[in-house]
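Dear colleague,

I am passing on the structure below, and I would be grateful if you could look through it with the notes that follow.

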Amino acid sequence: MLKGKKIILGITGSIAAYKAAYLTRALIKKGAEVQIVITPAGKEFITPVTLSALTGKPVVSEFFSANDGTWHSHVDLGLWADLLLIAPATASTIGKMANGIADNMLITTYLSAKAPVFIAPAMDLDMFAHPSTQHNLELLRSYGNHIIEPATGELASHLEGKGRMEEPDRIVERIEAFFASRQSLRGRKIVITAGPTYEKIDPVRFIGNYSSGKMGFSLARVCAERGADVVLIAGPVTLPTPHASIKRIDVESADEMYRAAMEAYPTADAAICCAAVADYAPAEYRSTKMKRNADDLTLVLRPNKDIAAELGKIKRAGQCLAGFALETDHEAENAVAKMQRKNFDFIVLNSLRDAGAGFRGDTNKVSIWYRDGRSADYPVKSKLEVASDIVDALTACLGGE
Ligand code: CTP
């Protein structure tokens with residue numbers, strides 16, 4: 001899986017930097033091409049000579065080469081990489097990455113890299129547990145970075161706790177698994193509905209909802225990263241298309257979303273209905289702005305098509321269909337009934353009662369319920385990580401791993 005992969009290994013000033021030599025060797029043995037970018041503090045812990053002997057390339061640390069003043073382009077480096085791995089990552093580097101403080105070669109490379117980023121923190125237990133470190137890690141997760149959680153054990157301070165950098169072999173396994181998963185949906189067409197819908201009342205007013213589209217866009221990104229051809233049918237959102245290969249269809253109303261979904265699904269392998277579709281639309285659209293007057297106002301609303309249920313009706317053998325449920329009471333019972341009613345293969349339940357779950361935030365907390373009665377609960381995670389869990393379920397539904 002790592003054969004020919006271009007990996008930047010960022011090393012920062014932690015005692016765990018001594019393990020970076022072994023990590024470099026392990027990546028190279030698997031066929032990866034490794035470029036080391038080390039911070040000035042990192043060099044206090046491991047010598048660049050050791051690292052360049054292992055990679056066969058000069059180690060990059062400063063913006064300019066000490067030998068001849070050549071400028072090292074962090075932009076070129078960032079674009080060269082298939083993956084950026086920062087191991088060990090200190091609290092300071094994590095804080096700078098989270099806040100865009102680009103005062104060394106590693107952080108500037110990180111900011112200009114387009115490749116997936118893996119971060120393996122290493123620090124003392126209290127530093128790791130500190131709210132600022134945890135907040136910064138949360139920010140980094142919300143930007144789509146992958147955090148390789150530190151292990152619990154004896155630390156350099158001789159204290160026991162969580163903060164040891166994950167073992168190099170485990171880190172390599174994580175990265176191999178990541179590249180492996182990128183192939184798992186190759187050749188599959190996946191339709192995703194995302195965001196809210198707006199139902200027009202008059203030229204200046206509509207009925208809408210608070211959906212941000214972040215969950216659906218994260219799903220689209222993960223499917224595309226795993227090689228799928230994604231058709232993203234997006235209601236009115238302000239999000240950029242999360243992957244260059246995605247075919248995005250912007251719609252406004254539930255009816256437009258319905259038509260786009262019905263056209264795309266017959267040739268697709270799967271659909272995920274993630275949109276918060278308005279259940280009703282004004283029966284009448286007024287072409288001129290409604291005027292205020294002293295009387296009560298009654299708007300007549302007509303039910304919209306249930307897009308998910310309509311897809312469920314035309315679902316063929318071998319196709320998968322998944323949907324969401326946002327419930328406030330009898331959550332599991334309602335979600336399972338919804339799954340059956342709409343002919344979903346599985347349903348993702350987020351409860352409005354759970355802290356960290358819901359519409360506008362960057363995190364979500366879900367459980368997945370299957371047709372055969374199985375269910376799985378997940379902790380609060382970034383929407384990107386939640387998307388990854390859901391896409392795992394979809395891949396299994398399509399008969400993959
Ligand atoms: N959905 C859809 N089209 C609709 C309404 C909902 O495709 N017109 C999809 C959503 O994308 C989601 C699932 O159906 O995957 C559940 O949506 P939800 O609003 O919870 O369900 P409703 O059918 O509206 O049920 P209720 O509001 O009664 O709970």
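Helices (H or I, at least four residues) and strands (E, at least two) are taken here as DSSP runs, numbered from the N terminus. Counted in this way, the secondary structure of the chain comes to 14 helices and 21 strands. Please keep in mind that this is a predicted model, in which local features need pLDDT of at least 70 and side-chain atom pairs count only at pLDDT 80 or more, while totals for chains, interfaces and linings use all residues. Residues are numbered from 1 along each chain as its sequence is written, and side-chain values use heavy atoms, with hydrogens and water left out.

The chain as a whole

Taken along the principal axes, the C-alpha atoms of the chain fill a box of roughly 75 × 50 × 40 Å. Of its 401 residues, 49% count as buried, where buried means under 20% relative accessible area, exposed means over 50%, and partly exposed lies in between (1.4 Å probe, protein chains only). The accessible surface comes to about 18900 Å², and 51% of that belongs to carbon and sulfur atoms; such areas come from the Shrake-Rupley method with a 1.4 Å probe, and for residues only the protein chains shown count as cover. If contact is read as heavy atoms within 4.5 Å, then among contacts between residues at least 6 apart in sequence, 66% join residues at least 24 apart.

Aromatic rings

Rings of Phe, Tyr and Trp (its six-membered ring) pair if their centres lie within 6.5 Å, and planes under 30 degrees apart count as stacked, over 60 as edge-to-face and the rest as tilted. The structure holds four aromatic pairs. One of them joins phenylalanine 118 and phenylalanine 178 edge-to-face, at 5.0 Å centre to centre and with 75° between the planes. Because phenylalanine 118 lies in strand 4 (residues 117-121) and phenylalanine 178 in helix 9 (residues 168-181), this pair ties together parts that are 60 residues apart in sequence. Phenylalanine 118 counts as buried at 1% relative accessibility, and phenylalanine 178 is buried as well, at 10%. Tyrosine 198 and phenylalanine 206 form a stacked pair, since their ring centres are 3.7 Å apart and their planes stand at 15°; tyrosine 198 counts as partly exposed at 23%, as does phenylalanine 206 at 41%.

Ring pairs also link Phe118, Phe178 and Phe179 into a cluster. The charged end of lysine 5 sits over the ring of phenylalanine 179, 5.0 Å from its centre, a description that requires NZ of Lys or CZ of Arg within 6 Å of the ring centre and within 35 degrees of the ring normal.

The buried residues of helix 11 (residues 254-264) are Ala254, Met257, Tyr258, Ala260, Ala261 and Ala264, and what covers them includes strand 8 (189-194), strand 11 (229-234) and helix 12 (307-314). Proline 266 lies in the loop between helix 11 and strand 13 (270-273) and is partly exposed, with a relative accessible area of 40%. Leaving aside neighbours within four places in sequence, proline 266 is in contact with Ile314, Arg316 and Gln319. The C-alpha atoms of proline 266 and arginine 316 are separated by 8.2 Å, although these residues are 50 apart along the chain.
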